[in-house]
Amino acid sequence: MATKKRDYKAEYAKYQGTEEQKKNRAKRNAARRKAAKDGKVSKGDGKDVAHKKAISKGGKNPGNTKVEVAGANRSFKRNSKGKLVSERSTRERKA
């Protein structure tokens, strides 16, 4: 299976470089800095500062974050064969 090289410049221009996404990234960075300042995370510890309610779904920074293992924050539910069961996180399914 041949894979096409990603055009990072085009991705940035279309999505990541938009003002809305820059503001969202700044919010995520601020949440990480605050957790590091509070001693909850450190560089290279394999943990993510996750938002309980995603920023894209209206979540805010104060009181809306928690620390969890990167794999739990970045993955979706899969069946025994490794196929995706749901593209919604367990947090979203409970809500």
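Guide: We may begin with burial: a residue is called buried when its relative accessible area is under 20%, exposed when that area is over 50%, and partly exposed in between. Please bear in mind that the model is predicted.

Visitor: Why is Glu68 called buried?

Guide: Its relative accessibility is 14%, and the cut-off for burial is under 20%. Glu68 therefore counts as buried.

Visitor: What makes Lys66 and Glu68 a salt bridge?

Guide: The closest N and O atoms of Lys66 and Glu68 are 3.8 Å apart. The criterion is a side-chain nitrogen of Lys or Arg within 4 Å of a carboxyl oxygen of Asp or Glu, so a pair of this kind at that distance qualifies. Lys66, with a relative accessible area of 31%, is partly exposed.

Visitor: How many salt bridges does a search of the whole structure find?

Guide: The search returns 6. One of them joins the side chains of Glu11 and Arg6, with N to O at 2.8 Å.

Visitor: Why is Arg6 called exposed, and why is Glu11 called partly exposed?

Guide: Arg6 has a relative accessible area of 51%, and the exposed class begins over 50%; Arg6 is therefore exposed. Glu11 has 25%, which lies between the limits of 20% and 50%, so Glu11 is partly exposed.

Visitor: What makes Arg32 and Asp45 a salt bridge, and which parts does the pair tie together?

Guide: The closest N and O atoms of Arg32 and Asp45 are 3.9 Å apart, and the limit is 4 Å. Arg32 lies in helix α2 (residues 19–37), whereas Asp45 lies in the loop between α2 and β1 (47–51), so the pair ties together parts that are 13 residues apart in sequence. Both partners count as partly exposed: Arg32 at 27% relative accessibility and Asp45 at 29%.

Visitor: How do you know that the length of α2 agrees with its number of residues?

Guide: At 1.5 Å a residue, the 19 residues of α2 should span 27 Å. The end C-alpha atoms are 27 Å apart, so the two values agree.

Visitor: Which residues of α2 are buried, and how do you know that they line one face?

Guide: Gln21, Asn24, Ala31 and Ala35 are the buried residues of α2. Viewed down the helix axis, these residues fall within an arc of 80 degrees, so they line one face of the helix. Their cover includes α1 (8–16), β1 and β2. The face turned away from the buried side carries the exposed residues Glu19, Lys23, Arg33, Lys34 and Lys37. Just after α2, Gly39 has a positive phi of about 85 degrees.

Visitor: In the loop between α2 and β1, why is Val41 called buried, and why is Ser42 called partly exposed?

Guide: Val41 has 6% relative accessibility, and buried means under 20%; Val41 therefore counts as buried. Apart from neighbours within four places in sequence, Val41 is in contact with Arg32, Ala35, Ala36, Lys47, Val49 and Val67. Ser42 is found in the loop between α2 and β1 as well. At 41% relative accessibility, Ser42 falls between 20% and 50%, so Ser42 counts as partly exposed.

Visitor: Which pattern do the helices and strands follow along the chain, and what share of the residues is buried?

Guide: The chain has 4 helices and 2 strands, arranged along the sequence as α-α-β-β-α-α. Buried residues make up 18% of its 95 residues. The accessible surface comes to about 8,000 Å², of which 52% belongs to carbon and sulfur atoms.

Notes:
Residues numbered from 1 in each chain as written. Predicted model: local features only at pLDDT ≥ 70, side-chain atom pairs only at ≥ 80, totals over all residues. Heavy atoms only, no water. Buried < 20%, exposed > 50% of the residue type's maximum accessible area, 1.4 Å probe, protein only. Expected span 1.5 Å × (residues − 1). Arc of directions from axis to C-beta. Contact = heavy atoms within 4.5 Å. Areas by Shrake-Rupley, 256 points an atom, 1.4 Å probe, with all protein chains shown as cover.
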